[in-house]
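Subject: Structure handover

Hello,

Here is the structure for your files. Please open it first, then read the notes below.

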Amino acid sequence: MAKKYRCLIVDDEQPAHLVISSHLSKLEELSFIDSAFNGKEALQFINQNNYDIVFLDIEMPMINGLDVLQSLSKKPAVIITTAYSTFAFEAYQFDAVDYLLKPVSFPRFVKAIEKAKKYCDSNPPALFPDELKVKFNGEFITIACETISHIESSGNYIKIHLCNKKKYIVYDTLKSVESKLTDDVFIQVHKSFIVNVNFVKRVERTNLILEHFKLPIGRKYDLLVRKKICFD
């Protein structure tokens, strides 16, 4: 399967998010993961997750984009998206891979993406962490991945089920959390479920049997399940 580049959009204006996400949707190799609306939120997201490409505005409340860029200890490919041309020198000094002026046209966007992909391929990210960080009841918490039996989509929320039957309900999407998990342990088995293969007891015709749960196998995921989860 072709590599997917995980993307974060950082801008304090909703229309800017809509333009960039629309451009992202036209390129199959890009995966839109998260949105941040100020510099403080952007730093939290970047420090807690693995993104390949970050689209970063300059003029934002709390912490501006240049301060975010300068503060990063691990640098994804950062593409500046701004209405101002005066910050280009500083942006490149802090290792931005490209500098786009709003409104961002699609052809110019594609050129920036090619630069970002080259940067990503030359600077591979660290291995996926063995912990998952999520925001629960207004605070970031850390969950050991080895304790997660499965994750369930529930409207605008997900339910993270642990092996001890405890669960956390957090505001997130299945697509977003999947990008933070190692894919040789966690696989999507249904449009609403991701499962830790280590907790699967057996595979039935249309269901996976865990110790305390029975999860459906979606038709489009059946082949992947049979390949990834094998029993003698």
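Strand β3 (residues 53-56) runs parallel to β4, and four bridges join them. Within this pair, V54 stands opposite V78 of β4. Strands here are DSSP runs of E with at least two residues, helices are runs of H or I with at least four, and both are numbered from the N terminus. Two strands pair if DSSP finds at least two bridges between them.

A word on the source. This is a predicted model, where local features need pLDDT of at least 70, side-chain atom pairs count only at pLDDT 80 or more, and totals for chains, interfaces and linings use all residues. Residues are numbered from 1 along each chain as its sequence is written, and side-chain values use heavy atoms, with hydrogens and water left out.

Back to β4. This strand pairs with strand β5 (residues 98-101) as well, again parallel, over four bridges. T82 stands opposite L101 in β5.

How many of the six residues of β4 are buried? Six of six, over residues 77-82. Buried means under 20% relative accessible area, with a 1.4 Å probe and protein chains only. A77, I79 and T81 point one way, while V78, I80 and T82 point the other way.

Next, an open sheet. Five strands pair antiparallel in the order β10-β9-β8-β12-β11. β10 and β11 (186-190) are the edge strands, each pairing on one side only. Neighbouring strands are turned by 20° against each other on average, direction ignored. For these angles, axes are lines fitted to C-alpha atoms. Strand β9 (residues 157-162) and β10 run antiparallel, joined by five bridges. There, H161 has K167 of β10 as its bridge partner.

Last, the second largest pocket. It holds about 610 Å³ of space. A pocket is an open set of points on a 1 Å grid where a 1.4 Å probe fits, with protein on both sides within 12 Å along at least five of seven lines; lining residues have an atom within 4 Å of a point. The volume is the space filled by probe spheres set on the points. The lining has 23 residues, and D34, F45, Y171, D172 and S176 lie nearest the centre. Elements giving two or more residues include β2 (30-36), α2 (39-48) and α6 (174-178).

Best wishes

Conventions. Buried means under 20% relative accessible area, exposed over 50%, partly exposed in between (1.4 Å probe, protein chains only). Axes are lines fitted to C-alpha atoms, for helices over the stretch in contact, and angles run from 0 to 180 degrees between N-to-C directions.
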